[in-house]
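Subject: Structure for your review

Dear colleague,

Please find below the sequence and structure that I am handing over to you. I would be grateful if you kept them open while reading the notes that follow.

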Amino acid sequence: MIRYNYSLRKYNTFGVTARTRRFINLTSAEEAKALIIKENFDTNNCLVLSGGSNILFTKDYCGTVIKPSFDNITIEEKSSDNVIISAEAGLEWDRLVEWSVENDLGGLENLSFIPGKVGAAPIQNIGAYGAEVSSLITRVHTLSLENSESRIFYNEECMFGYRDSIFKNELKGKYLITRVEFRLKKSPVTFNLSYGNLEPVLQDKGEITLTSIRKAVIKIRKEKLPDPAVKGNAGSFFKNPVIDMHRYADLKMRYHDMPSWQTGTGQYKIPAAWLIEKAGWKGKKAGRAGVHHKHALILVNLGNAEGSEILELSNLIIDSVRSMFGITLVKEVNII
């Protein structure tokens, strides 16, 4: 279905008002391929939009927005220990996690309740509670927006990094992801409970299972994070910065309470939320945009904010943190 001068407000979790010159909803990979052949898209004037949970529109989009809505799950192969499944790009991410837990397949449970669609997961290399989706992805199926050719990217070709991939860099806007394959573990007996307060929450739930882990993650996220349907947001707005040991030692001398995680490469990851809160931004408002009062990493639409207002707030925070700590925060959200 093709629509013109179409509102994108319900297609971005910030809930900002923006329109696109043309909006195309795709119901299958075959339809997507046929459309690309017919349209001969200019990739500089074309945007693939998944769940809109990691995007900030600062103005109307003058090109074509393509939204994949196909959402099937298929079991591709099985072994004694693992199952390879594929999920189509338009599937709600948390529906996939729910399905995997219901089928006693381990790996995705720590990534419960992350908003968005499957097609965006490898682009962003989504992660939470000590897990990253890149460790589970085997292959990413795509269509070239330039010539409609099918291409499969194996895990190592995706150049995954911290909230990063080849699809965010040199191949940004070049491919439409149609489905993603994951290797999940049958009847897992070991779980990833090392991050944050996940294990303490689980101690109150008795036996540790995929279901109890999923429930604990959802409970923690609901307590900490605002519901986009109530208060527009895109989750974490900034990446956690990584600094070298010299910068770390200097800051630790000045801020003894500074939390950190050693990355294993002689570098340290510092929570961006701590930096922002220490700089005095937690709960602060700037016009119709603000910083969430429970989690400083989340910028929120306080009511009818324009995307430009939220962007301006983010830049003020970057300047403030840089001035105080000498660290430049990097936006995790894609700015359009």
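This is a predicted model: local features need pLDDT of at least 70, side-chain atom pairs count only at pLDDT 80 or more; totals for chains, interfaces and linings use all residues.

I begin with helix α2, which spans residues 93-102. This helix is mostly covered, with seven of its ten residues buried. The buried residues are Trp93, Asp94, Leu96, Val97, Trp99, Ser100 and Val101. Their cover includes the strands β6, β7, β8 and β13, as well as the helices α3 and α5. Just after α2, aspartate 104 takes a positive phi of about 55°.

The next point is the packing of two helices. Such a pair is described by the angle between the axes and by the distance between them. Helix α2 packs against helix α5 (residues 210-224) at an angle of about 150°, and their axes are 9 Å apart. Angles over 145 degrees count as roughly antiparallel, and α2 and α5 are therefore roughly antiparallel to each other. Their crossing is left-handed. On the α2 side, Asp94, Val97, Glu98 and Val101 take part, and they meet Leu210, Thr211 and Arg214 of α5. The residues of this contact comprise three nonpolar, one polar and three charged.

Finally, I turn to asparagine 233, which is placed in strand β14 (residues 232-236). Asparagine 233 has a relative accessible area of 3% and is therefore buried. A polar atom of its side chain lies 3.2 Å from the backbone oxygen of proline 226. Among the residues that asparagine 233 touches are Thr13, Phe14, Asp227 and Leu299.

Yours sincerely,
A colleague

Key: Residues are numbered from 1 along each chain as its sequence is written. Side-chain values use heavy atoms; hydrogens and water are left out. Axes are lines fitted to C-alpha atoms, for helices over the stretch in contact, and angles run from 0 to 180 degrees between N-to-C directions. Helices (H or I, at least four residues) and strands (E, at least two) are DSSP runs, numbered from the N terminus. Angles under 35 degrees count as roughly parallel, over 145 as roughly antiparallel, 65 to 115 as roughly perpendicular and the rest as oblique. A crossing is left-handed if the near helix is turned anticlockwise from the far one by less than a right angle, and right-handed if clockwise. Contact means heavy atoms within 4.5 Å. Ala, Val, Leu, Ile, Met, Phe, Trp, Tyr, Cys and Pro count as nonpolar, Asp, Glu, Lys and Arg as charged, and the others, Gly among them, as polar. Buried means under 20% relative accessible area, exposed over 50%, partly exposed in between (1.4 Å probe, protein chains only). A polar contact is a pair of N or O atoms within 3.5 Å; within protein, one must be able to donate a hydrogen and the other to accept it, and residues adjacent in sequence count only if both atoms are side-chain atoms. Lists of a residue's contacts leave out its neighbours within four places in sequence.
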